Amino acid sequence: MNVTIYDVAREANVSMATVSRVVNGNPNVKPATRKKVMEVIERLGYRPNAVARGLASKKTTTVGVIIPDISSTFFAELTRGIEDIATMYKYNIILSNSDQNKEKELHLLNTMLGKQVDGIVFMGGNITPEHVEEFEKSPVPIVLAGSIEETEKIPSVNIDYDQAAYDVVQSLIEKGHKEIAFVIGPLHEPINKEKKLAGYKRALENFGILFREEFIIEGDYTYDSGIEAIEKLLEMDSRPTAIFVGSDEMALGVIHGAEDKGYKIPDDFEVVSSDNTRLTLMVRPQLTTIVQPLYDIGAVAMRLLTKLMNKEEVSEQIVILPHRIEFRNSTK
């Protein structure tokens with residue numbers, strides 16, 4: 001049977017209130033009494049009931065984290081930042097995988113709230129009006145990490161994806177490229193259509209280069225979709241000389257798919273990726289990429305959530321972190 005606070009109080013011959021004060025670090029306990037209670041706690045193996053403590057304090061010190069794909073290197077690095085800051089501020093996390101499925105996302109949201117979490121960090125590619133409606137009804141704060149919500153009603157942490165895409169295309173144009181393909185993630189996601197694709201188009205327009213619809217290849221962030229994308233590009237009569245890719249996994253697929261057909265990177269195609277996960281250093285040639293501070297996005301999102309949960313003053317709820325391009329061997 002579980003050892004209860006009542007068992008500890010009886011064994012130590014003190015009140016349950018005294019045991020509670022010892023457990024919670026209240027200084028108003030005599031040293032001799034504290035020592036006696038701690039000895040009983042250790043001997044009986046007592047563990048405070050987090051649920052009961054949460055009912056008393058109306059806090060569970062637990063945060064829900066909803067992630068699209070727990071196997072993704074991108075989201076794994078982002079979640080590491082969340083977890084480290086949660087630990088620093090003495091919060092536990094409950095991690096759930098949503099599979100980028102809207103119904104599952106909304107179900108997990110309500111499941112988290114049913115578990116009485118103190119706040120939620122949400123990651124998802126397609127934040128719909130229905131999502132926003134549920135977020136606004138939430139009795140606890142919700143912060144988006146690496147996810148775009150166009151109305152900016154919900155606190156979030158991101159980089160400027162539009163400008164990052166622009167910077168990549170500008171760098172390739174300045175190298176002399178005019179035929180630049182874009183292997184992009186799902187276009188129903190605002191982060192791709194409204195941000196990354198917009199930045200790509202804006203750069204072409206500003207430098208007087210014609211936008212070619214056939215150079216936009218939609219993938220699903222996976223390695224296999226990168227291979228499929230390069231196969232489509234290689235079938236074209238007028239092939240691109242440079243390829244911008246919307247995720248590191250897809251970029252690996254693009255490089256390997258091209259090499260399997262006898263092409264060399266960067267001699268035949270220069271390739272630039274988007275995330276700077278550790279995959280960019282594992283492939284040969286190592287990938288030139290946008291440096292997204294993934295760990296920092298997660299860490300800042302969690303810190304923002306702690307402020308909202310504790311009703312601290314928050315000067316900025318929409319946080320944009322800096323980005324840069326790291327040039328490696330997949331470009332000349």
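1. Glu 39 sits in helix α3, residues 31-44 (helices are DSSP runs of H or I with at least four residues, strands are runs of E with at least two, numbered from the N terminus). Glu 39 counts as partly exposed because its relative accessibility is 43% (buried is under 20% relative accessible area, exposed over 50%, partly exposed in between, with a 1.4 Å probe and protein chains only). Ala 12 is 27 residues from Glu 39 in sequence, with 8.7 Å from C-alpha to C-alpha.

2. A word on the basis: this is a predicted model, where local features need pLDDT of at least 70 and side-chain atom pairs count only at pLDDT 80 or more, while totals for chains, interfaces and linings use all residues. Residues are numbered from 1 along each chain as its sequence is written, and side-chain values use heavy atoms, leaving out hydrogens and water.

3. On the overall build, the protein has 13 helices and 12 strands. Its C-alpha atoms fill a box of roughly 85 × 40 × 30 Å along the principal axes. The radius of gyration is 25 Å, whereas a compact globule of 332 residues would have one near 20 Å (taken over C-alpha atoms; the globule rule is 2.2 Å times the number of residues to the power 0.38). Of the 332 residues, 51% are buried.

4. Now for helix α10. Glu 231 is found in α10, and its 33% relative accessibility is why Glu 231 counts as partly exposed.
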